[in-house]
Amino acid sequence: MISKRAFTLIEILVTVIILAVLVSMATVNYSERKKRNEYTSALAQARTIAAAEKSFLLTQGFYTTTTSTANTNSWLAIKVSDGYFSNYRVNNISGVPPSFNITVFSGTVSNNATYTFDSDGNRISCAGSDCLP
């Protein structure tokens with residue numbers, strides 16, 4: 001006599017649960033990796049802005065202050081693009097020697113971060129729930 005062997009309901013449920021756990025772990029890992037890649041891109045763009053600001057200081061004699069990415073691109077004659085991070089702003093800070101900060105906004109209303117970089121493109125601080133270490 002030939003017996004038919006089939007999967008039981010418990011075996012199928014255990015398999016589905018294991019697959020769901022693996023997919024959720026992969027999704028979290030992907031999200032964190034994507035956020036880190038976006039941060040690396042923002043840091044590179046902040047360094048581009050810092051170099052352009054230093055050049056601007058040499059030619060114009062002062063640092064510029066900008067209010068948006070488009071304004072930053074226009075003043076400094078560079079091409080920085082918004083992505084996950086947006087609103088690249090340069091804040092002129094008086095002092096001796098004068099310096100500036102580059103502030104970048106990320107995320108949505110519920111997840112956001114404001115990164116501040118110094119005139120060399122190094123991160124000074126981050127405020128918000130979407131900050132990376």
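User: Is Thr-69 buried or exposed?

Analyst: In this predicted model, Thr-69 has a relative accessible area of 5%. Buried means under 20%, so Thr-69 is buried.

User: Where does Thr-69 sit, and what does Thr-69 touch?

Analyst: Thr-69 is found in helix 2. Not counting residues up to four places away in sequence, its contacts are Val-80, Asp-82, Ser-86, Asn-87 and Tyr-88.

User: Which other residue of helix 2 can I read in this way?

Analyst: Take Asn-73, as helix 2 covers residues 69-76. Asn-73 counts as buried because its relative accessibility is 13%. With neighbours within four places in sequence left aside, Asn-73 is in contact with Ile-78, Lys-79 and Val-80. Val-80 is also on the list for Thr-69.

User: What lies 2.7 Å from a polar atom of the Asn-73 side chain?

Analyst: The backbone nitrogen of Val-80 does.

User: Is Ala-77 buried or exposed?

Analyst: Its relative accessibility is 71%. The cut-off for exposed is over 50%, so Ala-77 counts as exposed.

User: How are two packed helices described?

Analyst: Two values are given: the angle between the axes and the distance between them. Here helix 1, residues 9-60, packs with helix 2 at an angle of about 40 degrees, and the axes are 10 Å apart. Angles under 35 degrees would count as roughly parallel, and those from 65 to 115 as roughly perpendicular. Helix 1 and helix 2 are therefore oblique to each other.

User: Which residues make the contact, and what is the hand of the crossing?

Analyst: The crossing of helix 1 and helix 2 is left-handed. On the side of helix 1 the contact is made by Ile-49, Ala-52, Glu-53 and Phe-56, and on the side of helix 2 by Thr-72, Trp-75 and Leu-76.

User: How many strands are there, and in what order do the elements come?

Analyst: The protein chain has four strands and two helices. Along the sequence the pattern is α-α-β-β-β-β.

User: What can I read from one residue in a strand, such as Phe-117?

Analyst: Phe-117 has its place in strand 3, residues 112-117. With a relative accessible area of 1%, Phe-117 is buried.

User: How far is the C-alpha atom of Phe-117 from that of Val-90?

Analyst: The two C-alpha atoms are separated by 9.4 Å, while the residues are 27 apart along the chain.

User: What do the values for the whole chain say?

Analyst: The protein chain has 133 residues, and 27% of them count as buried. Among contacts with a separation of 6 or more, 31% are between residues 24 or more positions apart. The accessible surface is about 8,700 Å², with 62% belonging to carbon and sulfur atoms.

Methods
Residues numbered from 1 in each chain as written. Predicted model: local features only at pLDDT ≥ 70, side-chain atom pairs only at ≥ 80, totals over all residues. Heavy atoms only, no water. Buried < 20%, exposed > 50% of the residue type's maximum accessible area, 1.4 Å probe, protein only. Polar contact = N/O pair within 3.5 Å; in protein donor to acceptor, adjacent residues only side chain to side chain. Contact = heavy atoms within 4.5 Å. Areas by Shrake-Rupley, 256 points an atom, 1.4 Å probe, with all protein chains shown as cover. Axes fitted to C-alpha atoms, helices over the stretch in contact; angles between N-to-C directions. Parallel < 35°, antiparallel > 145°, perpendicular 65-115°, else oblique. Left-handed = near helix turned anticlockwise from the far one by under 90°.
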